[in-house]
Amino acid sequence: MFKNVMAYRIGPNWHATVPEIENALETNRFAECSPGQDKSVGWTEPRGAANGPLIESIGGQWIVKLIIETKAVPGAVVRRKADLQAQVIEAKTGRKPGKKETREMREDILHSLLPQAFAKQGSVMVWINPKDRLLAIDAGSTGKADEVITQLVRALPGLDLNLLQTATSPQTGMAAWLLATDSAELPRALSVEKECVLKSSSEDQPMVKYTRHNLSNEEVRRHVREGKLPTQLALSWEGKASFVLTESLQFKKVTFLDGTEPEAISTEGEDKFDADVVLSTGMLGPMLKDVIETLGGENVFAELATAAEGPPF
């Protein structure tokens with residue numbers, strides 16, 4: 001259900017019930033792009049049942065789903081048609097269209113072609129843990145996560161979200177694990193796997209990428225000592241899940257390992273969606289907690305500074 005995770009802390013002053021959230025999301029239920037529309041964003045049924053609820057509450061965990069639909073016309077096609085139109089104008093009038101006129105021509109051509117463009121849809125799952133005041137987005141990029149956050153804040157008045165930050169930065173922690181020569185120096189709940197990206201902060205930013213490679217060796221440690229710090233590192237958690245941790249505390253390529261994935265759990269007589277939610281949230285919650293604790297705990301001072309109106313003292 002969640003292949004990527006970006007986690008946020010919900011501010012202490014936001015409180016809402018499931019019916020209140022349902023009503024709020026209903027005002028922006030997803031509708032496909034109209035013929036002349038290039039983008040549509042809205043909420044849809046997480047369970048997939050037509051005209052069903054827009055928020056599902058399962059075992060105290062809330063799930064919502066955002067759909068983003070876009071239509072794109074190739075820029076080269078627009079430019080080619082605009083150039084042909086400009087040539088016709090020049091042949092008839094003896095003048096070349098100016099910048100403003102050319103821009104308006106391109107906009108008109110774009111709108112005329114939009115009804116013929118194919119629509120592309122993408123969906124993003126959002127998990128809200130009201131008890132722990134945690135919100136997680138299944139987004140592999142900051143841009144997509146920001147769009148979801150914008151829609152959430154727009155739909156739910158008073159919702160205050162701060163990206164989770166740890167006392168020890170993920171990059172510092174990952175570098176220490178790669179430099180470790182003794183198992184006692186490694187985190188208790190996490191194991192370093194065979195994939196990482198090391199990047200230097202120097203002007204030319206040399207980078208080294210390892211795939212399917214034993215990272216516990218002197219070559220990797222030498223790169224780290226020379227200033228190439230990890231921006232991504234593959235880890236596993238207690239033999240139950242694997243993921244790639246990034247320098248900005250994103251979790252990518254989240255995979256439940258053999259025996260723990262949803263397909264391995266019998267759902268006879270139960271709704272598979274419910275089973276997926278129970279498993280995913282039940283695994284991700286403790287996993288996030290262990291990673292945060294391994295990195296020194298949550299940096300509440302950073303959160304307070306973000307929320308402050310002025311610079312922190």
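Reply: One definition is needed before the helix pairs: axes are lines fitted to C-alpha atoms, for helices over the stretch in contact, and angles run from 0 to 180 degrees between N-to-C directions. The model is predicted.

Me: How are H5 and H6 oriented to each other?
Reply: The axes of H5 (residues 170–179) and H6 (residues 218–225) cross at roughly 140° and come within 9 Å. Angles over 145 degrees would count as roughly antiparallel, and 65 to 115 as roughly perpendicular, with the rest as oblique. H5 and H6 are therefore oblique to each other.

Me: Which classes of residue make up the contact of H5 with H6, and in what numbers?
Reply: From H5, the contact takes Ala 175, Leu 178 and Leu 179, which meet Val 220, Arg 221, Val 224 and Arg 225 of H6. By class that gives five nonpolar, no polar and two charged residues.

Me: What is the handedness of the crossing of H2 and H3?
Reply: H2 (residues 75–93) packs on H3 (residues 99–113) with the axes 9 Å apart and an angle of about 125°. The two are therefore oblique to each other. While the crossing of H5 and H6 is left-handed, that of H2 and H3 is right-handed.

Me: How many charged residues are in the contact of H2 with H3?
Reply: On the H2 side, the contact includes Arg 79 and Lys 81, along with residues such as Val 77, Ala 82 and Ile 89. On the H3 side, Glu 101 and Arg 106 take part, as do Met 105, Ile 109, Leu 110 and Leu 113. The contact divides into nine nonpolar residues, one polar and, as asked, four charged.

Me: Which helix gives the most to the lining of the largest pocket?
Reply: The largest pocket holds about 210 Å³ of space. Its lining includes Arg 9, Asp 132, Leu 134 and Leu 164, and also Pro 286, Leu 288, Lys 289, Ile 292 and Glu 293. By class, the lining has five nonpolar, two polar and five charged residues. With six residues, the largest contribution comes from helix H7 (residues 272–294).

Me: What is the volume of the largest cavity?
Reply: Two cavities of 30 Å³ or more turn up in a search of the whole structure. The largest cavity is lined by Ala 7, Leu 163, Leu 164, Leu 249, Phe 251, Leu 288 and Ile 292. That lining has seven nonpolar residues, no polar and no charged. The volume of the largest cavity is about 40 Å³.

Conventions
Residues are numbered from 1 along each chain as its sequence is written. This is a predicted model: local features need pLDDT of at least 70, side-chain atom pairs count only at pLDDT 80 or more; totals for chains, interfaces and linings use all residues. Side-chain values use heavy atoms; hydrogens and water are left out. Helices (H or I, at least four residues) and strands (E, at least two) are DSSP runs, numbered from the N terminus. Angles under 35 degrees count as roughly parallel, over 145 as roughly antiparallel, 65 to 115 as roughly perpendicular and the rest as oblique. A crossing is left-handed if the near helix is turned anticlockwise from the far one by less than a right angle, and right-handed if clockwise. Contact means heavy atoms within 4.5 Å. Ala, Val, Leu, Ile, Met, Phe, Trp, Tyr, Cys and Pro count as nonpolar, Asp, Glu, Lys and Arg as charged, and the others, Gly among them, as polar. On a 1 Å grid over the protein atoms alone, a cavity is a set of points where a 1.4 Å probe fits but cannot get out, and a pocket is an open set with protein on both sides within 12 Å along at least five of seven lines; lining residues have an atom within 4 Å of a point. Grid points are joined across faces, edges and corners, and a volume is the space filled by probe spheres set on the points.
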